[in-house]
Amino acid sequence: MVKGRDTKPHIGIFGRRNSGKSSLVNVLTGQDIAIVSKVAGTTTDPVKKSIEILGFGPVILVDTAGIDDTGELGQKRVERTHQVLKTIDVAILVISKNNFGSFEERLIDKFNKNDIPFFIVHNKSDLEPINNEVIEHIKHDFNADVLDFSTLRHTHAQFEVLVNLLQTSIPESAILKRTIIGDLISYGDVVLLITPIDSEAPEGRMILPQVQVIRDILDHSGIAVIVKEPEVDAFLSNMQPKPVLVITDSQVFPKADASIPRDIPLTSFSILLARQKGDFENYLKGTPYLGKLQDGDRLLILESCTHFVSCDDIGRIKIPRWLSNYTGKNLEFDVVAGLSALPRDIRDYVMVIQCGGCMITRKQLVGRLKPAIDAGIPVTNYGLAIAYVHGIYNRAVEVFLKDKNQTVDYL
(Lines give C-alpha, C1' and ligand atoms only; values in the text may rest on other atoms or scores of the structure.)
Protein backbone atom coordinates (compact mmCIF):
# COMPACT_ATOMS: atom_id res chain seq x y z
CA MET A 1 0.00 0.00 0.00
CA VAL A 2 1.23 3.50 -0.84
CA LYS A 3 1.90 5.39 2.37
CA GLY A 4 1.28 9.03 3.13
CA ARG A 5 4.98 9.75 3.25
CA ASP A 6 5.07 9.29 -0.54
CA THR A 7 3.62 12.78 -0.95
CA LYS A 8 7.09 14.20 -0.17
CA PRO A 9 9.46 15.21 -3.01
CA HIS A 10 11.16 12.12 -4.49
CA ILE A 11 14.88 12.04 -5.29
CA GLY A 12 16.07 9.21 -7.54
CA ILE A 13 19.64 7.88 -7.34
CA PHE A 14 20.76 6.43 -10.68
CA GLY A 15 23.96 5.03 -12.18
CA ARG A 16 25.83 1.95 -13.27
CA ARG A 17 26.33 -1.05 -11.03
CA ASN A 18 28.97 -0.57 -8.36
CA SER A 19 29.24 3.18 -8.96
CA GLY A 20 28.37 3.89 -5.34
CA LYS A 21 24.66 4.71 -5.51
CA SER A 22 23.82 2.89 -2.29
CA SER A 23 26.83 4.41 -0.55
CA LEU A 24 25.55 7.86 -1.52
CA VAL A 25 22.14 7.02 -0.03
CA ASN A 26 23.89 6.07 3.22
CA VAL A 27 25.87 9.32 3.20
CA LEU A 28 22.74 11.43 2.66
CA THR A 29 20.75 9.63 5.36
CA GLY A 30 23.64 9.33 7.80
CA GLN A 31 22.67 5.67 8.28
CA ASP A 32 23.52 2.29 6.80
CA ILE A 33 20.17 2.05 5.05
CA ALA A 34 21.26 0.57 1.73
CA ILE A 35 23.32 -2.61 1.42
CA VAL A 36 26.81 -1.80 0.14
CA SER A 37 28.93 -4.44 -1.56
CA LYS A 38 31.80 -4.70 -4.02
CA VAL A 39 29.64 -7.17 -5.93
CA ALA A 40 27.98 -5.39 -8.86
CA GLY A 41 24.19 -5.52 -8.91
CA THR A 42 23.56 -5.68 -5.15
CA THR A 43 20.58 -3.33 -5.45
CA THR A 44 17.93 -5.23 -7.43
CA ASP A 45 14.75 -3.19 -6.89
CA PRO A 46 14.10 0.48 -6.11
CA VAL A 47 14.46 1.10 -2.37
CA LYS A 48 12.88 4.12 -0.67
CA LYS A 49 14.04 5.98 2.42
CA SER A 50 12.54 9.09 4.00
CA ILE A 51 15.05 11.70 5.19
CA GLU A 52 15.10 15.33 6.30
CA ILE A 53 17.31 17.75 4.39
CA LEU A 54 18.49 20.48 6.76
CA GLY A 55 17.00 23.80 5.80
CA PHE A 56 14.68 22.22 3.25
CA GLY A 57 12.46 19.54 4.75
CA PRO A 58 11.47 15.88 4.34
CA VAL A 59 12.14 14.04 1.07
CA ILE A 60 12.13 10.46 -0.20
CA LEU A 61 15.39 8.98 -1.53
CA VAL A 62 14.95 6.21 -4.11
CA ASP A 63 17.95 3.91 -4.64
CA THR A 64 17.77 2.04 -7.97
CA ALA A 65 19.37 -0.90 -9.75
CA GLY A 66 22.28 -0.37 -12.15
CA ILE A 67 21.45 1.03 -15.58
CA ASP A 68 24.06 -1.29 -17.13
CA ASP A 69 22.65 -4.54 -15.71
CA THR A 70 22.79 -7.54 -18.06
CA GLY A 71 20.92 -10.75 -18.78
CA GLU A 72 17.19 -11.36 -18.79
CA LEU A 73 16.81 -10.65 -15.06
CA GLY A 74 19.12 -7.65 -15.33
CA GLN A 75 16.97 -6.13 -18.08
CA LYS A 76 13.91 -6.46 -15.85
CA ARG A 77 15.82 -4.59 -13.15
CA VAL A 78 16.69 -1.84 -15.64
CA GLU A 79 13.02 -1.61 -16.63
CA ARG A 80 12.08 -1.17 -12.96
CA THR A 81 14.69 1.57 -12.72
CA HIS A 82 13.21 3.36 -15.74
CA GLN A 83 9.71 3.05 -14.24
CA VAL A 84 10.92 5.09 -11.26
CA LEU A 85 11.27 8.09 -13.59
CA LYS A 86 7.48 8.50 -13.50
CA THR A 87 7.58 9.08 -9.75
CA ILE A 88 10.61 11.27 -9.03
CA ASP A 89 11.04 15.04 -8.89
CA VAL A 90 14.83 15.28 -9.19
CA ALA A 91 17.61 12.85 -10.12
CA ILE A 92 21.21 12.29 -9.05
CA LEU A 93 23.27 10.45 -11.65
CA VAL A 94 26.24 8.72 -10.02
CA ILE A 95 29.35 7.91 -12.08
CA SER A 96 32.83 6.76 -11.09
CA LYS A 97 36.26 6.21 -12.63
CA ASN A 98 35.42 8.80 -15.31
CA ASN A 99 32.96 6.38 -16.92
CA PHE A 100 30.45 8.51 -18.80
CA GLY A 101 29.05 7.06 -22.00
CA SER A 102 25.99 5.70 -23.75
CA PHE A 103 24.33 4.37 -20.57
CA GLU A 104 24.42 7.80 -18.97
CA GLU A 105 23.49 9.65 -22.18
CA ARG A 106 20.39 7.50 -22.73
CA LEU A 107 19.32 8.02 -19.13
CA ILE A 108 19.80 11.80 -19.37
CA ASP A 109 17.63 11.75 -22.48
CA LYS A 110 14.90 10.09 -20.39
CA PHE A 111 15.40 12.71 -17.66
CA ASN A 112 14.81 15.46 -20.21
CA LYS A 113 11.77 13.77 -21.76
CA ASN A 114 10.21 13.47 -18.31
CA ASP A 115 11.15 17.05 -17.30
CA ILE A 116 13.32 15.80 -14.45
CA PRO A 117 16.07 18.17 -13.24
CA PHE A 118 19.32 16.37 -12.43
CA PHE A 119 22.96 16.74 -11.52
CA ILE A 120 25.93 14.37 -11.60
CA VAL A 121 28.10 13.06 -8.76
CA HIS A 122 31.46 11.61 -9.73
CA ASN A 123 32.01 9.17 -6.87
CA LYS A 124 35.21 7.53 -5.62
CA SER A 125 37.23 10.67 -6.27
CA ASP A 126 39.71 9.45 -3.65
CA LEU A 127 40.63 6.61 -6.03
CA GLU A 128 40.37 8.49 -9.32
CA PRO A 129 39.45 12.19 -9.54
CA ILE A 130 37.28 13.34 -12.40
CA ASN A 131 39.24 14.63 -15.39
CA ASN A 132 38.63 17.91 -17.17
CA GLU A 133 37.65 16.21 -20.42
CA VAL A 134 34.66 14.51 -18.76
CA ILE A 135 33.65 17.70 -16.99
CA GLU A 136 33.72 19.70 -20.22
CA HIS A 137 31.76 17.03 -22.07
CA ILE A 138 29.04 16.95 -19.43
CA LYS A 139 28.74 20.70 -19.06
CA HIS A 140 28.94 21.49 -22.79
CA ASP A 141 26.70 18.73 -24.14
CA PHE A 142 24.27 18.24 -21.24
CA ASN A 143 24.42 21.54 -19.30
CA ALA A 144 24.64 19.63 -16.01
CA ASP A 145 26.39 20.36 -12.73
CA VAL A 146 29.12 17.89 -11.71
CA LEU A 147 30.42 17.25 -8.19
CA ASP A 148 33.66 15.34 -7.62
CA PHE A 149 32.93 13.36 -4.46
CA SER A 150 33.94 10.43 -2.30
CA THR A 151 31.35 8.65 -0.18
CA LEU A 152 34.20 7.27 1.94
CA ARG A 153 36.44 10.33 2.34
CA HIS A 154 34.36 13.41 1.66
CA THR A 155 34.81 16.59 3.68
CA HIS A 156 32.09 18.51 5.46
CA ALA A 157 32.40 21.23 2.83
CA GLN A 158 31.84 18.70 0.02
CA PHE A 159 28.80 17.32 1.80
CA GLU A 160 27.36 20.83 2.08
CA VAL A 161 27.87 21.33 -1.67
CA LEU A 162 26.01 18.05 -2.29
CA VAL A 163 23.08 19.09 -0.11
CA ASN A 164 23.01 22.54 -1.72
CA LEU A 165 22.82 20.95 -5.18
CA LEU A 166 19.84 18.93 -3.98
CA GLN A 167 18.12 21.97 -2.50
CA THR A 168 18.54 24.05 -5.65
CA SER A 169 17.61 21.21 -8.03
CA ILE A 170 14.26 20.24 -6.52
CA PRO A 171 11.62 22.15 -8.49
CA GLU A 172 9.13 24.32 -6.65
CA SER A 173 6.30 22.32 -8.19
CA ALA A 174 7.47 19.31 -6.15
CA ILE A 175 6.93 21.20 -2.91
CA LEU A 176 3.21 21.37 -2.34
CA LYS A 177 3.06 24.91 -1.00
CA ARG A 178 -0.39 25.72 -2.36
CA THR A 179 -3.02 25.77 0.32
CA ILE A 180 -6.05 23.52 0.14
CA ILE A 181 -8.51 26.05 1.52
CA GLY A 182 -6.57 28.96 3.03
CA ASP A 183 -7.27 31.31 0.12
CA LEU A 184 -11.02 30.75 0.53
CA ILE A 185 -11.36 31.61 4.23
CA SER A 186 -10.46 34.38 6.68
CA TYR A 187 -9.58 34.50 10.38
CA GLY A 188 -12.34 32.93 12.50
CA ASP A 189 -14.41 31.65 9.58
CA VAL A 190 -16.42 28.50 10.25
CA VAL A 191 -16.05 25.64 7.77
CA LEU A 192 -18.47 22.73 8.01
CA LEU A 193 -17.09 19.30 7.07
CA ILE A 194 -19.56 16.49 6.29
CA THR A 195 -17.78 13.18 6.84
CA PRO A 196 -19.81 9.96 6.51
CA ILE A 197 -18.78 6.96 8.58
CA ASP A 198 -19.42 4.00 6.28
CA SER A 199 -17.83 0.65 5.45
CA GLU A 200 -14.90 2.38 3.71
CA ALA A 201 -14.04 4.61 6.68
CA PRO A 202 -10.98 3.30 8.58
CA GLU A 203 -11.71 2.05 12.08
CA GLY A 204 -11.05 4.68 14.74
CA ARG A 205 -9.69 7.39 12.43
CA MET A 206 -10.47 9.67 9.51
CA ILE A 207 -9.36 9.34 5.91
CA LEU A 208 -6.35 11.32 4.75
CA PRO A 209 -8.17 14.01 2.67
CA GLN A 210 -10.31 14.90 5.68
CA VAL A 211 -7.26 15.16 7.94
CA GLN A 212 -5.40 17.30 5.40
CA VAL A 213 -8.31 19.73 5.05
CA ILE A 214 -8.78 20.02 8.83
CA ARG A 215 -5.09 20.83 9.26
CA ASP A 216 -5.22 23.44 6.50
CA ILE A 217 -8.24 25.13 8.09
CA LEU A 218 -6.41 25.31 11.43
CA ASP A 219 -3.23 26.58 9.74
CA HIS A 220 -5.26 29.51 8.38
CA SER A 221 -6.98 30.30 11.68
CA GLY A 222 -10.36 28.96 10.63
CA ILE A 223 -12.79 26.94 12.71
CA ALA A 224 -13.47 23.38 11.55
CA VAL A 225 -16.77 21.77 12.53
CA ILE A 226 -17.15 18.07 11.65
CA VAL A 227 -20.47 16.24 11.46
CA LYS A 228 -21.93 13.14 9.82
CA GLU A 229 -24.58 13.68 7.17
CA PRO A 230 -27.61 12.95 9.47
CA GLU A 231 -26.54 15.79 11.82
CA VAL A 232 -26.25 18.51 9.14
CA ASP A 233 -29.79 19.90 9.55
CA ALA A 234 -29.55 19.99 13.35
CA PHE A 235 -26.23 21.80 13.14
CA LEU A 236 -27.44 24.43 10.65
CA SER A 237 -30.58 25.18 12.64
CA ASN A 238 -28.54 26.04 15.74
CA MET A 239 -25.32 27.41 14.26
CA GLN A 240 -24.46 31.12 14.37
CA PRO A 241 -22.65 32.45 12.45
CA LYS A 242 -23.37 30.21 9.48
CA PRO A 243 -20.41 28.49 7.80
CA VAL A 244 -18.65 30.31 4.95
CA LEU A 245 -18.09 27.00 3.19
CA VAL A 246 -19.31 23.42 3.43
CA ILE A 247 -17.06 20.55 2.34
CA THR A 248 -18.63 17.15 1.89
CA ASP A 249 -17.52 13.66 1.08
CA SER A 250 -18.40 13.25 -2.60
CA GLN A 251 -20.47 10.15 -1.90
CA VAL A 252 -23.14 12.18 -0.08
CA PHE A 253 -23.14 15.16 -2.49
CA PRO A 254 -26.90 14.87 -3.22
CA LYS A 255 -27.80 14.86 0.49
CA ALA A 256 -25.48 17.79 1.16
CA ASP A 257 -26.86 19.74 -1.80
CA ALA A 258 -30.40 19.28 -0.51
CA SER A 259 -29.51 20.29 3.06
CA ILE A 260 -27.16 23.23 2.53
CA PRO A 261 -28.83 26.58 1.64
CA ARG A 262 -27.89 27.92 -1.79
CA ASP A 263 -26.21 31.01 -0.32
CA ILE A 264 -23.58 28.80 1.35
CA PRO A 265 -20.85 27.53 -1.01
CA LEU A 266 -20.57 23.74 -1.24
CA THR A 267 -17.75 21.57 -2.58
CA SER A 268 -16.02 18.26 -1.76
CA PHE A 269 -12.75 16.99 -0.32
CA SER A 270 -11.86 15.35 -3.62
CA ILE A 271 -12.44 18.55 -5.60
CA LEU A 272 -10.29 20.55 -3.17
CA LEU A 273 -7.43 18.08 -3.65
CA ALA A 274 -7.96 18.18 -7.42
CA ARG A 275 -7.48 21.94 -7.32
CA GLN A 276 -4.45 21.75 -5.05
CA LYS A 277 -2.36 19.13 -6.81
CA GLY A 278 -4.18 17.98 -9.94
CA ASP A 279 -4.61 19.44 -13.43
CA PHE A 280 -7.68 21.41 -12.41
CA GLU A 281 -8.17 23.32 -15.67
CA ASN A 282 -8.21 20.10 -17.69
CA TYR A 283 -10.55 18.54 -15.13
CA LEU A 284 -12.97 21.43 -15.61
CA LYS A 285 -12.77 21.14 -19.38
CA GLY A 286 -13.05 17.36 -19.43
CA THR A 287 -15.80 16.67 -16.90
CA PRO A 288 -18.74 17.70 -19.13
CA TYR A 289 -17.79 14.93 -21.58
CA LEU A 290 -19.61 12.64 -19.16
CA GLY A 291 -22.79 13.87 -20.82
CA LYS A 292 -21.59 12.66 -24.24
CA LEU A 293 -20.81 9.01 -23.42
CA GLN A 294 -22.14 6.34 -25.78
CA ASP A 295 -22.81 2.60 -25.65
CA GLY A 296 -19.59 0.60 -25.63
CA ASP A 297 -17.38 3.48 -24.45
CA ARG A 298 -14.52 2.38 -22.21
CA LEU A 299 -13.46 4.56 -19.26
CA LEU A 300 -10.25 4.33 -17.22
CA ILE A 301 -10.53 4.84 -13.45
CA LEU A 302 -7.22 5.63 -11.73
CA GLU A 303 -6.78 5.06 -8.00
CA SER A 304 -3.67 6.51 -6.35
CA CYS A 305 -3.32 3.70 -3.85
CA THR A 306 -4.17 0.05 -3.30
CA HIS A 307 -6.74 -0.74 -0.62
CA PHE A 308 -9.27 -3.27 0.54
CA VAL A 309 -12.19 -3.27 -1.88
CA SER A 310 -15.61 -3.23 -0.17
CA CYS A 311 -19.09 -3.56 -1.60
CA ASP A 312 -19.38 0.25 -1.36
CA ASP A 313 -16.03 1.00 -3.03
CA ILE A 314 -16.22 4.48 -4.51
CA GLY A 315 -14.05 3.95 -7.59
CA ARG A 316 -14.84 0.33 -8.48
CA ILE A 317 -18.52 0.11 -7.56
CA LYS A 318 -20.27 3.42 -7.00
CA ILE A 319 -18.84 5.60 -9.78
CA PRO A 320 -19.43 2.97 -12.51
CA ARG A 321 -22.99 2.47 -11.22
CA TRP A 322 -23.72 6.21 -11.06
CA LEU A 323 -22.31 6.80 -14.54
CA SER A 324 -24.26 3.91 -16.05
CA ASN A 325 -27.48 5.13 -14.42
CA TYR A 326 -26.85 8.75 -15.44
CA THR A 327 -26.07 8.02 -19.08
CA GLY A 328 -28.36 5.04 -19.58
CA LYS A 329 -25.54 3.55 -21.66
CA ASN A 330 -23.67 0.25 -21.53
CA LEU A 331 -20.21 1.41 -20.46
CA GLU A 332 -16.97 -0.49 -19.92
CA PHE A 333 -14.57 0.30 -17.07
CA ASP A 334 -10.93 -0.53 -16.29
CA VAL A 335 -9.63 0.26 -12.79
CA VAL A 336 -5.88 0.66 -12.21
CA ALA A 337 -4.47 1.10 -8.69
CA GLY A 338 -1.29 2.85 -7.64
CA LEU A 339 1.21 3.45 -10.44
CA SER A 340 0.63 0.09 -12.13
CA ALA A 341 0.84 -0.25 -15.90
CA LEU A 342 -2.35 0.27 -17.91
CA PRO A 343 -3.97 -2.91 -19.25
CA ARG A 344 -4.37 -1.39 -22.73
CA ASP A 345 -3.33 1.59 -24.85
CA ILE A 346 -4.49 4.94 -23.46
CA ARG A 347 -6.22 5.68 -26.80
CA ASP A 348 -8.62 2.80 -26.14
CA TYR A 349 -10.32 4.96 -23.52
CA VAL A 350 -12.77 7.79 -24.18
CA MET A 351 -12.23 9.29 -20.74
CA VAL A 352 -10.05 9.06 -17.61
CA ILE A 353 -11.36 9.52 -14.06
CA GLN A 354 -8.63 10.13 -11.44
CA CYS A 355 -9.11 9.88 -7.68
CA GLY A 356 -8.21 12.80 -5.41
CA GLY A 357 -4.57 11.69 -5.32
CA CYS A 358 -4.06 12.28 -1.60
CA MET A 359 -1.47 9.47 -1.41
CA ILE A 360 0.83 10.55 -4.26
CA THR A 361 2.88 13.57 -5.27
CA ARG A 362 1.74 16.22 -7.72
CA LYS A 363 4.47 15.01 -10.11
CA GLN A 364 3.08 11.48 -10.01
CA LEU A 365 -0.51 12.61 -10.44
CA VAL A 366 0.18 15.01 -13.31
CA GLY A 367 2.46 12.45 -14.97
CA ARG A 368 -0.25 9.82 -14.67
CA LEU A 369 -2.70 12.02 -16.57
CA LYS A 370 -0.25 13.39 -19.15
CA PRO A 371 -0.59 10.55 -21.73
CA ALA A 372 -4.36 11.03 -21.79
CA ILE A 373 -4.14 14.81 -22.04
CA ASP A 374 -1.50 14.58 -24.79
CA ALA A 375 -3.81 12.21 -26.69
CA GLY A 376 -6.74 14.63 -26.35
CA ILE A 377 -8.68 12.32 -24.03
CA PRO A 378 -10.93 14.17 -21.51
CA VAL A 379 -9.94 13.78 -17.85
CA THR A 380 -11.85 14.37 -14.65
CA ASN A 381 -11.66 13.50 -10.97
CA TYR A 382 -13.86 11.49 -8.60
CA GLY A 383 -15.46 14.49 -6.90
CA LEU A 384 -16.11 16.42 -10.11
CA ALA A 385 -17.57 13.36 -11.84
CA ILE A 386 -19.87 12.61 -8.91
CA ALA A 387 -21.03 16.22 -8.75
CA TYR A 388 -21.73 16.20 -12.49
CA VAL A 389 -23.87 13.07 -12.60
CA HIS A 390 -25.91 14.37 -9.65
CA GLY A 391 -26.56 17.73 -11.31
CA ILE A 392 -24.57 19.87 -8.88
CA TYR A 393 -21.35 20.30 -10.85
CA ASN A 394 -21.55 24.09 -11.28
CA ARG A 395 -22.38 24.58 -7.63
CA ALA A 396 -19.45 22.40 -6.56
CA VAL A 397 -16.89 24.49 -8.49
CA GLU A 398 -18.54 27.91 -8.15
CA VAL A 399 -16.43 28.83 -5.12
CA PHE A 400 -13.25 28.57 -7.24
CA LEU A 401 -14.45 30.78 -10.12
CA LYS A 402 -13.67 34.50 -10.23
CA ASP A 403 -16.91 35.13 -12.07
CA LYS A 404 -19.58 33.53 -9.87
CA ASN A 405 -22.06 33.61 -12.77
CA GLN A 406 -19.69 31.58 -14.97
CA THR A 407 -20.54 28.00 -15.81
CA VAL A 408 -17.98 25.37 -16.76
CA ASP A 409 -19.71 23.19 -19.34
CA TYR A 410 -16.88 23.65 -21.82
CA LEU A 411 -17.59 20.60 -23.99
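1. Let's start with the β7 pairing. Strand β7 (residues 190-194) runs parallel to strand β9 (residues 245-248), and the two are joined over 4 bridges. Val191 has Leu245 as its bridge partner in β9. Strands count as paired here if DSSP finds at least two bridges between them. The helix and strand labels are DSSP runs numbered from the N terminus, with helices being H or I of at least four residues and strands being E of at least two.

2. A word on what you're looking at. This is a predicted model, where local features need pLDDT of at least 70 and side-chain atom pairs count only at pLDDT 80 or more, while totals for chains, interfaces and linings use all residues. Residues are numbered from 1 along each chain as its sequence is written, and side-chain values use heavy atoms, with hydrogens and water left out.

3. Now the sheet around that pair. It is an open one of 4 strands, in the order β8-β7-β9-β10, with parallel pairing. β8 (223-227) and β10 (266-268) sit at the edges with a single partner strand each, so one side of each has no neighbour in the sheet. From one strand to the next, the twist averages 25°. Angles run from 0 to 180 degrees between N-to-C directions, and axes are lines fitted to C-alpha atoms, for helices over the stretch in contact.

4. Next, helix α9. It lies across β7, β9 and β10, at about 75° to β10. The axes of α9 (residues 269-277) and α6 (residues 208-219) also come within 10 Å, crossing at roughly 70°. That makes α6 roughly perpendicular to α9; the cut-offs are 65 to 115 degrees for roughly perpendicular, under 35 for roughly parallel, over 145 for roughly antiparallel, and oblique for the rest.

5. Which residues of α6 and α9 meet? From α6 come Pro209, Gln210, Gln212 and Val213, and from α9 come Phe269, Leu272 and Leu273. Contact means heavy atoms within 4.5 Å. By class, the contact of α6 with α9 has 5 nonpolar residues, 2 polar and no charged. Nonpolar covers Ala, Val, Leu, Ile, Met, Phe, Trp, Tyr, Cys and Pro; charged covers Asp, Glu, Lys and Arg; the others, Gly among them, are polar.

6. There's another helix pair to check. Helix α11 (residues 314-327) packs against helix α13 (residues 382-389) at an angle of about 30°, with the axes 10 Å apart. The two are therefore roughly parallel to each other. On the α11 side, the contact uses Ile314, Gly315, Ile319, Trp322, Leu323 and Tyr326, and on the α13 side Tyr382, Ile386, Tyr388 and Val389. This contact has 9 nonpolar residues, 1 polar and no charged.

7. Is strand β11 buried or exposed? In β11 (residues 298-302), 5 of the 5 residues are buried, so the strand is largely enclosed by the rest of the structure. Buried means under 20% relative accessible area, exposed over 50%, and partly exposed in between, using a 1.4 Å probe and protein chains only. Arg298, Leu300 and Leu302 point one way from β11, and Leu299 and Ile301 the other way.

8. β11 has parallel partners: it pairs with β12 (residues 332-336) over 5 bridges and with β13 (residues 351-354) over 4 bridges. Ile301 is bridged to Val335 in β12, and Leu299 to Met351 in β13.

9. Finally, take a look at Asp63, which lies in strand β3 (residues 57-63). Asp63 is buried, at a relative accessible area of 3%. Ser23 is 40 residues from Asp63 in sequence and 9.8 Å from Asp63 in space, C-alpha to C-alpha.
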